[in-house]
Amino acid sequence: MKILVTGVNGQLGYDVMNELAKRGIEGVGTDVDNMDVTDAAACQRVIKEVGPDAVMHCAAYTAVDTAEENVELCRKINGEGTRNIAEVCRELDIPMMYISTDYVFDGQGERPWEPDDERHPLNVYGQTKYEGELAVEELLDKYFIVRIAWVFGVNGKNFIKTMLRLGRERGKVSVVNDQIGSPTYTYDLARLLVDMIQTDKYGRYHATNEGLCSWYEFACEIFKKAGMDHVEVTPVTSGEFPVKAVRPSNSRMSKEKLTENGFERLPSWQDALERYLKLIEKE
């Protein structure tokens with residue numbers, strides 16, 4: 001089996017390539033340098049040259065606040081770029097996996113979001129990822145749309161690295177306490193995604209590590225597990241911590257569909273955090 005993976009310089013694409021290699025599956029990685037997803041002709045040329053059995057589309061514009069000022073670029077990458085890839089997958093009649101986000105929902109209420117719930121994004125990033133979902137659904141029958149949230153991995157920036165840096169520099173941080181979700185370790189997620197791409201159990205899924213927390217609770221656990229209990233963590237409301245892009249307050253996502261289709265769910269986020277911290281300590 002040969003899989004083409006986009007966005008291999010990002011947190012998730014990096015771990016997906018490692019997971020494929022671990023299993024002896026040929027992974028062909030692309031990034032903006034060798035396949036700009038906004039260039040339809042480049043997508044046609046590269047994907048057809050590789051001749052993959054499936055495409056795992058991990059590349060995205062993910063700078064949520066910056067997206068509010070770069071609407072056109074964000075849409076070109078997340079919406080139109082995804083459509084460009086989906087069109088080639090349709091032509092070659094191969095499955096496509098599109099990595100999406102909890103931000104396609106409006107974040108209201110406290111009920112976990114089901115994969116087939118109505119989508120009402122609150123910000124530009126969420127809207128353009130929604131547009132990507134629509135392109136995949138419109139063009140393909142053989143697709144996986146996998147929504148993820150609160151991602152961290154070894155390759156790139158993330159909340160954990162930011163907290164550790166601020167904790168060392170300042171000795172105190174303020175973190176929002178009214179947004180609830182599940183952190184997701186790309187190492188664990190990559191395993192699940194590679195399991196999925198080898199099946200024909202197509203559709204929309206949610207995939208995060210197990211368990212819920214607020215960003216504040218996540219930060220407290222980071223400092224506790226990193227042996228930095230001296231860092232002062234202050235809970236604040238989203239209103240007290242204004243940002244350009246509105247965030248959903250409810251990012252609880254139901255993962256029952258994974259179980260129903262025989263996929264192994266991810267370990268708890270606390271377990272993932274512990275393993276991740278041990279790994280980055282060695283770097």
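Reader: What share of the contacts in the chain with a separation of 6 or more comes from residues 24 or more positions apart?

Author: This is a predicted model, where local features need pLDDT of at least 70, side-chain atom pairs count only at pLDDT 80 or more, and totals for chains, interfaces and linings use all residues. Residues are numbered from 1 along each chain as its sequence is written, and side-chain values use heavy atoms, with hydrogens and water left out. A contact means heavy atoms within 4.5 Å. Among contacts with a separation of 6 or more, the share from residues 24 or more positions apart is 81%.

Reader: Is Val8 buried or exposed?

Author: Val8 sits in the loop between strand S1 (2–6) and helix H1 (11–22). Buried means under 20% relative accessible area, exposed over 50%, partly exposed in between (1.4 Å probe, protein chains only). Val8 has 16% relative accessibility, so it counts as buried.

Reader: How are H4 and H5 oriented to each other?

Author: The axes of H4 (residues 71–92) and H5 (residues 124–139) come within 9 Å and cross at roughly 15°. Axes are lines fitted to C-alpha atoms, for helices over the stretch in contact, and angles run from 0 to 180 degrees between N-to-C directions. Helices are DSSP runs (H or I, at least four residues), as are strands (E, at least two), numbered from the N terminus. Angles under 35 degrees count as roughly parallel, over 145 as roughly antiparallel, 65 to 115 as roughly perpendicular and the rest as oblique, so H4 and H5 are roughly parallel.

Reader: What percentage of the 283 residues is buried?

Author: The count covers the whole chain of 283 residues. Buried residues make up 52%.
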